[in-house]
Amino acid sequence: MTALRMPVSTAARKGISAVAADAAQQRIVLTRMGHDVAVIDSAERLDETVRVLRDTSREVLGAYANLAEARGGQNSLADVCARLGLNETVVRERAVRLQAAQAAQIPTAR
């Protein structure tokens, strides 16, 4: 999809309602003196973009995990985080939050 490039001054003249209506049809890149300064997009397209990025990141991480497994050997989370420049504590805390969120969404059998 090609974004509509629009100077900020034009967007200001049109008003937020008109610009929002335009953004429902296609992404708008606001410019100032020829430089991109902001993007206006529909909520649906943004949600879809986030979903695609999440799915893609899971696939990439899965592929790298499979590659690492195929190469043999085991790596600790600390080693992996160090190599990727991640904070191990933050990764562990996020994993706990994600597991809790998933558990809250899955109905339990009585």
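## Salt bridges

This predicted model holds 8 salt bridges. Side chains of opposite charge can pair when their charged atoms come close.

One of the salt bridges joins Asp 41 to Arg 45. Their closest N and O atoms are 2.5 Å apart. Are these two residues buried or exposed? Asp 41 is buried, with a relative accessible area of 13%. Arg 45 is buried too, at 17%. The cut-off for buried is under 20%.

Glu 48, Arg 51, Asp 55 and Arg 58 are linked in a network of salt bridges. Take Asp 55 and Arg 51. Their side chains meet in a salt bridge of 2.6 Å, N to O. Both sit in helix α3, and because they are 4 residues apart, about one helical turn separates them.

Asp 55 also forms a salt bridge with Arg 58, where the closest N and O atoms are 3.5 Å apart. This pair lies in helix α3 as well, with 3 residues of spacing, or about one turn.

How accessible are the partners? Asp 55 is partly exposed at 27% relative accessible area. Arg 51 is partly exposed at 41%. Arg 58 has 57% relative accessibility, so it counts as exposed.

## The sheet

Three strands build an open sheet: 3 strands in the order β1-β2-β3, with mixed pairing. Which strands form the edges? They are β1 (4-7) and β3 (35-40), each pairing on one side only. Neighbouring strands are turned by 35° against each other on average, direction ignored.

Strands β2 (residues 28-32) and β3 run antiparallel, joined by 5 bridges. Thr 31 has Asp 36 in β3 as its bridge partner. Ile 28 stands opposite Ile 40 of β3. The hairpin of β2 and β3 has 2 residues between the strands, and Met 33 takes a positive phi near 55° there.

## Across and beyond the sheet

Helix α2 (residues 16-25) lies across β1, β2 and β3. The helix runs at about 130° to β2.

What does Ser 42 touch, leaving out residues up to four places away in sequence? The answer is Ala 23 and Ala 24.

## A nonpolar surface patch

Leu 77, Val 80, Leu 84 and Leu 86 form a nonpolar patch on the surface. Together they have about 330 Å² of accessible area. Val 80 is found in helix α4 (residues 77-84). Val 80 counts as partly exposed, because its relative accessibility is 33%.

Methods
Residues are numbered from 1 along each chain as its sequence is written. This is a predicted model: local features need pLDDT of at least 70, side-chain atom pairs count only at pLDDT 80 or more; totals for chains, interfaces and linings use all residues. Side-chain values use heavy atoms; hydrogens and water are left out. Two strands pair if DSSP finds at least two bridges between them. Axes are lines fitted to C-alpha atoms, for helices over the stretch in contact, and angles run from 0 to 180 degrees between N-to-C directions. Contact means heavy atoms within 4.5 Å. Patches are made of residues with over 30% relative accessible area and no salt bridge: like charges are joined within 9 Å, nonpolar side chains (Val, Leu, Ile, Met, Phe, Trp, Tyr) within 5 Å. Accessible areas come from the Shrake-Rupley method with a 1.4 Å probe; for residues, only the protein chains shown count as cover. A salt bridge is a side-chain nitrogen of Lys or Arg within 4 Å of a carboxyl oxygen of Asp or Glu. Buried means under 20% relative accessible area, exposed over 50%, partly exposed in between (1.4 Å probe, protein chains only).
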